[in-house]
Amino acid sequence: MGIRRAFIGGVRFRYDTMKLLSKAALLAAVISLFAVQPALSGGVEGHVLGAGSKADISNCVISVEDIDGSFPIPVKPVVMEQKELRFVPHVLVVLVGTTVEFPNNDPLSHNVFSISPAKRFNLGLYAGGITRRLKFDNPGVVELLCQVHLEMSAYIVVVRTPYFAQTGPDGAYRIDGVPTGRHRVRFWHERYLAQESTVQVPETGFVTVDFSVGKSSPNI
């Protein structure tokens, strides 16, 4: 019986060893497969080009919104501050379903409201040191105003996908990780007409999409 037990133990040992080797071989094959597969996403980059020295090419929103799927909503709210009688930032881009906080950091009361079709709301009058919150659950452009201070205004641009960017003073932008394929790239700015351009996003690298703006035009 002792020999039989030793024999069985020996077989079991070899079986376990073969099983570990098989797992290692499978893992190596999977790693090798991913190593040779190209990433199925590229990117979109470019500039907003202004006609004339007075063209405003900052705070342009560039987005790719014709991509199906569900995208994780930010866990933490994003912030649209009220400070020194201004909304900060002037343009805020958020994914559909994002909650936005509106802290009043002035020593006086504000009232945040909008009559934009994408989100009609009125947060009421509230004093400094108070924060109110609101979820933005429909895509579109939401213009923010204050009933107390008529000079205050800002925009929240609610987009369908996380593939977006904002331009800085130089008009440059870059959107990483865009799924490969043919997509519509959209341009928005508060002073100019909206634009779209259809491009083929490569598996690797970037496709360049430039937008040109000239005479200002209301674009709410």
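Author: We can begin with Cys 146, which is buried at a relative accessible area of 2%, where buried means under 20% relative accessible area, with a 1.4 Å probe and protein chains only. Please keep in mind that this is a predicted model, in which local features need pLDDT of at least 70, side-chain atom pairs count only at pLDDT 80 or more, and totals for chains, interfaces and linings use all residues. Residues are numbered from 1 along each chain as its sequence is written, and side-chain values use heavy atoms, with hydrogens and water left out.

Reader: And Cys 60, buried or exposed?

Author: Cys 60 counts as buried because its relative accessibility is 0%.

Reader: How many disulfides does that leave on the count?

Author: The count is zero disulfides, taking a disulfide as a pair of cysteine sulfur atoms within 2.5 Å.

Reader: Switching topic, where does Ser 116 sit?

Author: Ser 116 lies in strand S8, residues 110-116, a strand being a DSSP run (E) of at least two residues, numbered from the N terminus. Ser 116 is also buried, because its relative accessibility is 5%.

Reader: What does the side chain of Ser 116 reach?

Author: It comes to 2.9 Å from the backbone nitrogen of Glu 143. Beyond neighbours within four places in sequence, Ser 116 is in contact with Val 141, Val 142 and Glu 143, contact meaning heavy atoms within 4.5 Å.

Reader: Which way do S8 and S11 pair?

Author: They pair in the antiparallel sense over two bridges, with S11 covering residues 140-146; pairing requires that DSSP finds at least two bridges between the strands. Phe 113 stands opposite Leu 145 in S11.

Methods. Helices (H or I, at least four residues) and strands (E, at least two) are DSSP runs, numbered from the N terminus. Buried means under 20% relative accessible area, exposed over 50%, partly exposed in between (1.4 Å probe, protein chains only). A polar contact is a pair of N or O atoms within 3.5 Å; within protein, one must be able to donate a hydrogen and the other to accept it, and residues adjacent in sequence count only if both atoms are side-chain atoms.
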